[in-house]
Amino acid sequence: MRLKYVLSEVLVGLWRNVTMTIAMIITMSVSLTMLGASALLYLQANEMKDFYYANIEVAMFLKADVNDEQRQSLDAQLSSDGLVQSYELETKEKALEKFQTLWRDTPDLVKSVSAEQLPESFRVKLNNPEQYEDFATKYASAEGVDEILDQRALLEKVFGILNSVQTMSLVASSIMAIAALLLVGNTIQVAAYSKRREVAVMKLVGASNWFIQAPFVLEAVAAGVLGALLGFGALVLGKILLIDGALRDLTELLTPLNWDNVLLMLPFMAGAGAVVSAVTAWTTLRFYLRV
């Protein structure tokens, strides 16, 4: 009987202040959408780092006048080097094939470049990419070596941009979260004020604080969960229409966004919305309305 009463009061409370309830749900959905998007970006950035750092290579470019003896000497040193996990020699012909594949959309540029214009290089994968400096110091002055480049330097710039976007998303979601909390607190205050006489009567007949507060707290929780569901729907649409749709060519350069990560956001967003709404409602009732 008590549970039925509490649930009926929740429905009545949501409908009584329907405009404020809708505003609260929309604000929560926007805030949780941005929170979910930033969490997805965080997971995706970590997966990209794991993937690319596991496949990162050091490019050891050879001089144009390198001879067979120097090439063989470098090969022997790399084969016995404890820093090196694997390596391969990229000839001028292989370099040209890669260049043609990379720039296949600009045929005029491809036609203007010949194999002789591209350098030979050893493509080296280190056991520990963090030991690049040791590797570069060791081979920088070797005969036949022109330049040593670490792909990690470029990747760190890319990940730096991703981290900046992630930070901006978190800041924006935090601002929206504050707005949502204020709106939840204000809605609960209005709802409690409209029922102040009923609350007073309930206290006189010995109703517990939990019994009095439960409808208001559940009202906020319901709004938070509904906002989370709307936010999750927005993430799903973003995945289908943007990531797998309009931005598909761009995302092919990155690691794919798995549905597992997207689905993981549903319990995360619903939990966050429910907990934050419940705590805000309970705090409002306890410290402002004194029920």
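Student: How many residues of strand β3 are buried?

Tutor: First, this is a predicted model, in which local features need pLDDT of at least 70, side-chain atom pairs count only at pLDDT 80 or more, and totals for chains, interfaces and linings use all residues; numbering starts from 1 along each chain as its sequence is written, and side-chain values use heavy atoms, leaving out hydrogens and water. Strands (E, at least two residues) and helices (H or I, at least four) are DSSP runs numbered from the N terminus. Buried means under 20% relative accessible area, exposed over 50%, and partly exposed in between, with a 1.4 Å probe and protein chains only. β3 is mostly covered, and its buried count is six of six.

Student: Which residues of β3 point the opposite way from S121, R123 and K125?

Tutor: S121, R123 and K125 point one way from the strand, and they are buried. On the other side, also buried, you'll find F122, V124 and L126.

Student: What is the strand order in the open sheet?

Tutor: Two strands pair if DSSP finds at least two bridges between them. Here four strands pair in the antiparallel sense. The edge strands, each pairing on one side only, are β2 (84-90) and β4 (145-150). Reading across, the order is β2-β3-β1-β4.

Student: Which β3 residue is the bridge partner of F61?

Tutor: β1 (residues 58-62) and β3 (residues 121-126) run antiparallel over four bridges. For F61, the partner in β3 is S121.

Student: And what is E90's bridge partner in β3?

Tutor: Now look at β2 and β3, which pair antiparallel over six bridges. The β3 partner of E90 is S121.

Student: What angle does helix α6 make with β4?

Tutor: Axes are lines fitted to C-alpha atoms, for helices over the stretch in contact, and angles run from 0 to 180 degrees between N-to-C directions. Contact means heavy atoms within 4.5 Å. Helix α6 (residues 132-139) packs on the sheet and touches β1, β2, β3 and β4. Its direction and that of β4 make an angle of about 175°.

Student: What kind of aromatic pair do F135 and Y139 form?

Tutor: Rings of Phe, Tyr and Trp (its six-membered ring) pair if their centres lie within 6.5 Å; planes under 30 degrees apart count as stacked, over 60 as edge-to-face and the rest as tilted. Both residues lie in α6, four residues apart, about one turn of the helix. F135 has a relative accessible area of 0%, and Y139 also has 0%. With 4.7 Å between centres and 35° between planes, the pair is tilted.

Student: Is I25 buried or exposed?

Tutor: I25 sits in helix α2 (residues 18-54). Leaving aside neighbours within four places in sequence, I25 is in contact with A223, L226, G227 and L230. Because its relative accessibility is 13%, I25 counts as buried.

Student: What share of the protein's residues is buried?

Tutor: The protein has eleven helices and four strands. Of its 291 residues, the buried share is 40%.
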